[in-house]
Amino acid sequence: MASALHEVTPFLVILILIATLGPLQFGFHLAELNAPEDVITCQKKSISALQQLASLVITKSSSSDDVVDCIPMSRSDFAAISAVFTVGGLLGALTSGPFTSARGRKLPMQLTAAFYLLGSIVETSAGSVPTMIIGRFLTGVGAGASTVIVPLYISEVAPPTQRGFFGAFTQISINVGILFTQTLGFFLSYGSAWRWIMGTGVIIALAQGLGLALLPESPAWTASAKGDVTHARRVLQRIRGRVSNIDEEVESWGQGASKPTSEEEALLVSNESTSADASGLLTPSAGAQHSPRVHLGFLQVLRDPFTRPAIIAVVGIMFAQQLCGINSIIMYSVSLLKDLLPISSALLTIVISIINLGVTMAASPLPDRFGRKTCLLTSIMGQGTSSLALALAIHFDVKILSAIAVLFFVAFFAVGLGPVPFIMASELVGPEAVGATQSWALGASYVATFLVAYLFPIVNAALNDAFGGAGWVYFIFAGFALLWAAFVSGRVPETRGRKDADEVWGRTRRVD
């Protein structure tokens, strides 16, 4: 335990916090339209008495402004604006895997910051549906790439015994972004003030771009792709601290260099404080060089019999993450629940986001303690039960039960389906296939998210019209939960405590 704690250095924590600004913006932009939906679409000037009071003050002081208060649009226009974020996310996810395998982790993360920045600027200034679609698409590209690259980077810099814990930081940061934007939406959903919500994305993107200048390249990528084990070891030792034993991890890079000679070891210690430049990077050593490992491409991992089961598993759990219905709450809760619950739906959405964040943080040690698969199954069955309760409560107009069911629905998501898929995507394959596997995983996630984002309001309205009342769509989500529980039980292996992908899948040796 003590040795594990020694590996958690302030530098490591700073790296992870900076890296997770990318997923934070994913959560931010995913939920940014939820609270101000009625204001943006010109249906209302405000969504609460608090904002109505504020809008009176703003109107008096800004009557000459040329800023457009709202953008007239139909329900299908708004659905397209919401869903195009996932189209951009799909593109970012599919292209970032091969790109990060070839060019490392740092440069792609810097490019995501650029997409977030440009997209946020376009959204903030948008005065029409097409312009808003362009802005949402650009931020979606950044989001898709971030959710591929950042979990991969974290898994490569975090101590092996704590990858489950630090892997949960991706989902924690997404939830922080959701909570932040929902809170802004509660106070700024009036007049043209909703543009400040979009403008906050510009500020976060700038902070991300500046912070990324401090990040070193992933040591595992430096060793496997560039073959520079000496430099990679030096970087990893700096991240983990001088007293941390990294020999076994260096061996796992598969470059034939487990422990340095006494001369190399002396150089590592002496260079630790002198080879770092002002940006936090370490100067590559002219020491041991090894042949770079060949990385499998997007289609190769599907054709390879050793990696195909992993692709099926990660695509399945990513579809499960979305098709159990979480984004019906994250993206549409304010309009969906406004006439069904005993309190303000905008306020309830903030409460939901707080619970989502709190449970995710509290549950972050669980994948390392009880296993990834156990957490997934608990999460899926819990969400399925909550969906059933929510459907019945909405249908029979039991408002208190509706509110409780929504809170449990979100809490169970945070236990497993939220963080675990991001962790497992990099644990089911070897280093040569991890980039392409992440692209498959996040590509599946964005396809499923698009289906929910675009079809949920349409299917929900159609079912309500066909059968009368409301809440029918949550019977469908409850049914999906049963299907995905069966899938995880039969097709997803446990990865906790496994040394490599061969051990995960019960192979004695991988033949390349």
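Cys 42 and Cys 70 form a disulfide in this predicted model, with their sulfur atoms 2.0 Å apart. A search of the whole structure finds one disulfide. The torsion about its S-S bond is about 105 degrees, so the Cys 42–Cys 70 bridge is right-handed. The pair links distant parts of the chain, the two cysteines being 28 residues apart. Cys 42 lies in the loop between helix 4 (37–40) and helix 5 (49–61), while Cys 70 occupies the loop between helix 5 and helix 6 (75–103).

| Residue | Relative accessibility | Class |
|---|---|---|
| Cys 42 | 30% | partly exposed |
| Cys 324 | 1% | buried |
| Cys 375 | 4% | buried |
| Thr 181 | 2% | buried |

Cys 42, a partner in the disulfide, counts as partly exposed because its relative accessibility is 30%, and the buried class requires a value under 20%. Cys 324, by contrast, is buried, with a relative accessible area of 1%. Cys 375 likewise counts as buried, at 4% relative accessibility.

Thr 181 is placed in helix 9, which spans residues 163–188. At 2% relative accessibility, Thr 181 is classed as buried. Which residues does Thr 181 touch, not counting residues up to four places away in sequence? Its contacts are Gly 27, Phe 28, Ala 31, Glu 32 and Ile 197. Thr 181 is thus described by its place in helix 9, its buried state and these contacts.

Definitions and conventions. Residues numbered from 1 in each chain as written. Predicted model: local features only at pLDDT ≥ 70, side-chain atom pairs only at ≥ 80, totals over all residues. Heavy atoms only, no water. Disulfide = S-S within 2.5 Å. Helix = DSSP H or I, 4+ residues; strand = E, 2+ residues; numbered from the N terminus. Buried < 20%, exposed > 50% of the residue type's maximum accessible area, 1.4 Å probe, protein only. Contact = heavy atoms within 4.5 Å.
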